[in-house]
Amino acid sequence: MAEDSSSSQSFLRRHWEGYKEFWGERFSFLDNYSRFIKRDKPLPSWSDSDVEEFIASDPLHGPTLRTAREAAKISAVGGIIGAVSTAGVTWKYSRSLHGTALSLGAGAVFGWTFGQEVANHWLQLYRLDTMAAQVKFMEWWQNKVEGQ
């Protein structure tokens, strides 16, 4: 019986390790940010002027970061439009408060996603490495804050 229990634990452990490895490969991009997120003392917030200073100082990653920020603004506008329009239609036809609230949330998510796709094609984000620009900004901000 003890052998059966240890073999089932090893089976579960192997299964769990395989599961972690599988999802670890799919979310490996999170490793880029882990050194900034998993800190003992978190980085302080930055302002728009700090971001503009980075954009002006880095000729390679600065324009990419500016474009990524523009895409985020387009996505936010898409989320607002999606939320208001779906909630308005729901309220007009159903007069249900909980249905309107649900459609407000769903419309915001769908609008944000649609806005991100529009920004991706309009600003041609698929040609840029926005993650590298964001990581470079985080490195720059970390060095600036720590005085290096």
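These legends describe close-up views of a predicted model. Local features need pLDDT of at least 70 and side-chain atom pairs count only at pLDDT 80 or more, while totals for chains, interfaces and linings use all residues. Residues are numbered from 1 along each chain as its sequence is written, and side-chain values use heavy atoms, with hydrogens and water left out.

**View 1**
The largest pocket holds about 160 Å³ of space. A pocket is an open set of points on a 1 Å grid over the protein atoms alone, where a 1.4 Å probe fits, with protein on both sides within 12 Å along at least five of seven lines. Grid points are joined across faces, edges and corners, and the volume is the space filled by probe spheres set on the points. Lining residues have an atom within 4 Å of a point. Tyr33, Trp46, Val51, Leu65, Ala68, Arg69, Gln134, Phe137 and Met138 form the lining. Seven of the lining residues are nonpolar, one is polar and one is charged. Here Ala, Val, Leu, Ile, Met, Phe, Trp, Tyr, Cys and Pro count as nonpolar, Asp, Glu, Lys and Arg as charged, and the others, Gly among them, as polar. Helix H4 (62-94) and helix H6 (130-146) each supply at least two lining residues. Helices are DSSP runs (H or I, at least four residues), numbered from the N terminus.

**View 2. The largest nonpolar core, around Leu65.**
This core has 13 residues, and Leu65 and Phe137 have the most contacts inside it. Helix H2 (31-37), helix H3 and H6 each supply at least two residues of the core. The largest share, six residues, comes from H6. A nonpolar core is a set of buried Ala, Val, Leu, Ile, Met, Phe, Trp, Tyr and Cys residues joined through side-chain atoms within 4.5 Å. Buried means under 20% relative accessible area, exposed over 50%, and partly exposed in between (1.4 Å probe, protein chains only). Not counting residues up to four places away in sequence, Leu65 touches Val51, Phe54, Ile55, Ala133, Gln134 and Phe137. Contact means heavy atoms within 4.5 Å.

**View 3. Helix H4 and its buried residues.**
H4 has 33 residues and reaches 48 Å from its first C-alpha to its last, close to the 48 Å expected at 1.5 Å a residue. The expected span is 1.5 Å times one less than the number of residues. Among the buried residues of H4 are Gly78, Gly79, Gly82 and Ala83. The buried residues of H4 pack against helix H3 (48-57), helix H5 (97-122) and H6. Ala68 of H4 is buried, at 15% relative accessibility. Leaving aside neighbours within four places in sequence, Ala68 contacts Leu125, Thr130 and Gln134.

**View 4. Helix H5 against H4.**
The end C-alpha atoms of H5 are 36 Å apart, which agrees with the 38 Å that its 26 residues should span. Thr100, Ser103, Gly107, Gly111, Gly115, Ala119 and Asn120 are buried in H5. The buried residues of H5 pack against H4.

**View 5. Two loop residues with positive phi.**
Most residues other than glycine have a negative phi. Arg95 is not a glycine, yet its phi is positive, about 55 degrees. Arg95 lies in the loop between H4 and H5 and is exposed, at 55% relative accessibility. Gln124 also has a positive phi of about 55 degrees without being a glycine. Gln124 lies in the loop between H5 and H6 and is partly exposed, at 33%.
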